[in-house]
Amino acid sequence: MSDLNKLGLAEARDALRAGDVTSVELTEACLKAIDEADALNAFVHKTPEIAMERAKAADERIKGGDAPSMCGLPIGIKDLFCTKGVPSQAASGILEGFKPEYESTVSQQLADAGAVMLGKLNMDEFAMGSSNETSVYGNAVSPWRRGNDDAQLTPGGSSGGSAAAVAADLCLAATGTDTGGSIRQPAAFVGITGIKPTYGRCSRWGIVAFASSLDQAGPMTKNVRDAAIMLETMCGHDAKDSTSADLAVPNFEAMLTGDIKGKKIGIPNEYRMDGMPAEIEKLWADGAAMLKDAGAEIVDISLPHTKYALPAYYVIAPAEASSNLARYDGVRYGHRAQLAQGDGITEMYEKTRAEGFGHEVQRRVMVGTYVLSAGFYDAYYNRARKVRTLIKKDFEDVFAAGVDAILTPATPSAAFGLGEMTEADPVQMYLNDVFTVTVNLAGLPGISVPAGLDTQGLPLGLQLIGRPWEEGDLLNTAYALENAAGFVAKPGKWW
């Protein structure tokens with residue numbers, strides 16, 4: 001078999017079980033593709049030795065006949081996940097040289113299942129960004145191009161390296177994390193599938209924290225079936241994470257029947273934004289028509305507090321970030337600034353954090369510290385928390401009325417060019433999260449499915465939002481949408 005790196009997880013798993021291919025061959029194909037794709041800047045710490053060692057072990061395990069679904073499948077790990085003995089920097093200068101002595105729960109579960117780690121993937125610094133332009137490693141670059149234009153495009157953020165690597169077939173799948181859309185937005189920009197599970201479904205232990213009440217890990221894959229396979233391995237209760245849910249993990253793949261007859265799909269009026277591109281509007285209408293043709297009932301719904309979601313998110317997330325990032329002080333690990341004679345501990349903190357953190361992280365830490373300060377706590381932070389409760393209740397009311405899933409656009413546009421959204425107006429960048437942040441604020445599962453191309457040939461995605469803990473049902477609705485949309489476009493290779 002040629003082009004082994006172009007296989008999805010399900011195809012590769014079946015080929016491994018049939019003896020048509022070995023994990024070593026799959027891994028070698030991916031490692032070769034990674035070495036030829038430095039122009040994408042997706043893999044920032046390559047681990048070929050670990051990959052080959054795990055691939056050989058996986059081949060033995062498969063021969064023994066007791067291998068789980070992920071066994072022998074080569075994947076990439078976002079740099080936010082701590083990986084034992086391998087640099088885990090969260091794409092920040094302040095964690096330079098940090099090699100953890102432990103493994104995050106999610107990456108450990110994948111390793112225990114026999115998955116092969118190819119290396120660590122680029123991302124926005126501390127997962128703060130929508131374009132992968134805040135990374136200490138430099139920008140990740142999308143494998144897609146606009147028509148005949150050579151301008152480099154963003155693969156989205158913060159899981160931009162994961163998105164670029166999966167779309168360019170450098171790995172079969174990758175881990176991502178999603179705090180306000182960081183799995184779903186990049187997945188939509190590069191034409192792959194990305195699911196953010198219910199808050200508490202995947203352990204956060206060993207994942208560098210951004211906003212603890214919003215962060216959630218999930219898989220980024222080539223299709224919905226692959227997402228179901230990988231998600232099952234990533235989920236599960238973890239005593240080391242107090243927010244981890246002690247719930248049985250179903251066999252998500254077995255739930256993919258494609259039958260959604262009688263399901264109620266809600267279309268929220270409030271997501272019809274002023275100035276929404278006609279292409280996004282059409283894609284959304286087409287998606288609703290596809291689900292209707294598959295037997296679902298389409299109903300208009302109202303989520304009245306949606307308009308407050310972005311402002312509430314950009315109070316709560318920076319507040320939690322400023323608290324979480326206080327530990328990076330130049331004392332315990334990572335970067336410490338060179339001090340001048342006479343400098344004391346205050347100067348060490350100031351210089352270390354000024355040098356170690358990039359502009360976007362500094363901006364969010366300052367906003368977060370401001371909204372938590374004595375005079376503004378009630379005016380901003382407490383008010384945002386109350387709004388969050390109202391947003392959550394909007395969803396609860398809709399689901400209580402019998403709606404099974406909600407269909408929205410995943411992003412307000414196709415991928416934009418690197419450098420097009422300047423630092424001069426960070427709010428423009430924040431607006432990219434307009435359709436995704438509500439899902440994190442409410443703790444719900446959400447999935448982005450590629451559903452079409454814009455006039456310049458770039459992928460566009462649709463988002464489905466599901467009931468809490470019902471990822472299986474959500475994946476099945478996404479599977480029906482994927483089958484109807486028939487999206488098979490791939491980027492032309494230029495790198």
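**Close-up views of charged side chains**

**View 1. Asp169 pairs with Lys222.** Asp169 and Lys222 form a salt bridge, with 2.8 Å between the closest N and O atoms. The model shown here, as in every view, is predicted. Asp169 sits in the loop between helix H5 (160-167) and strand E4 (173-178). Lys222 sits in the loop between strand E6 (216-221) and helix H7 (224-234). The pair therefore ties together parts that are 53 residues apart in sequence. Asp169 counts as buried, at 5% relative accessibility. Lys222 also counts as buried, because its relative accessibility is 17% and the cut-off is under 20%.

**View 2. Asp35 pairs with Lys46.** A salt bridge joins Asp35 to Lys46, and the closest N and O atoms are 3.3 Å apart. Distant parts of the chain are linked by this pair. Asp35 belongs to helix H2 (residues 23-35). Lys46 belongs to strand E1 (residues 43-46).

**View 3. Arg332 pairs with Asp329.** The closest N and O atoms of this salt bridge, between Arg332 and Asp329, lie 3.1 Å apart. Arg332 is exposed, at a relative accessible area of 55%. Exposed here means over 50%. Asp329 is buried, at a relative accessible area of 9%.

**View 4. A salt-bridge network takes in Arg13, Asp14, Arg225 and Glu253.** Salt bridges with shared partners join these four residues, Arg13, Asp14, Arg225 and Glu253, into one network. For the whole model, the count of salt bridges comes to 27. Among them are the pairs Asp169 with Lys222, Asp35 with Lys46 and Arg332 with Asp329.

View 5. Glu360 lies in helix H11, which spans residues 359-372. Is Glu360 buried or exposed? Glu360 is buried, because its relative accessible area is 10%, and buried means under 20%. The Glu360 side chain makes a polar contact with the side chain of Arg364, at 2.7 Å. Which residues does Glu360 touch, not counting those up to four places away in sequence? Glu360 touches Met128, Thr134 and Tyr430.

Key: Residues are numbered from 1 along each chain as its sequence is written. This is a predicted model: local features need pLDDT of at least 70, side-chain atom pairs count only at pLDDT 80 or more; totals for chains, interfaces and linings use all residues. Side-chain values use heavy atoms; hydrogens and water are left out. Helices (H or I, at least four residues) and strands (E, at least two) are DSSP runs, numbered from the N terminus. Buried means under 20% relative accessible area, exposed over 50%, partly exposed in between (1.4 Å probe, protein chains only). A polar contact is a pair of N or O atoms within 3.5 Å; within protein, one must be able to donate a hydrogen and the other to accept it, and residues adjacent in sequence count only if both atoms are side-chain atoms. Contact means heavy atoms within 4.5 Å.
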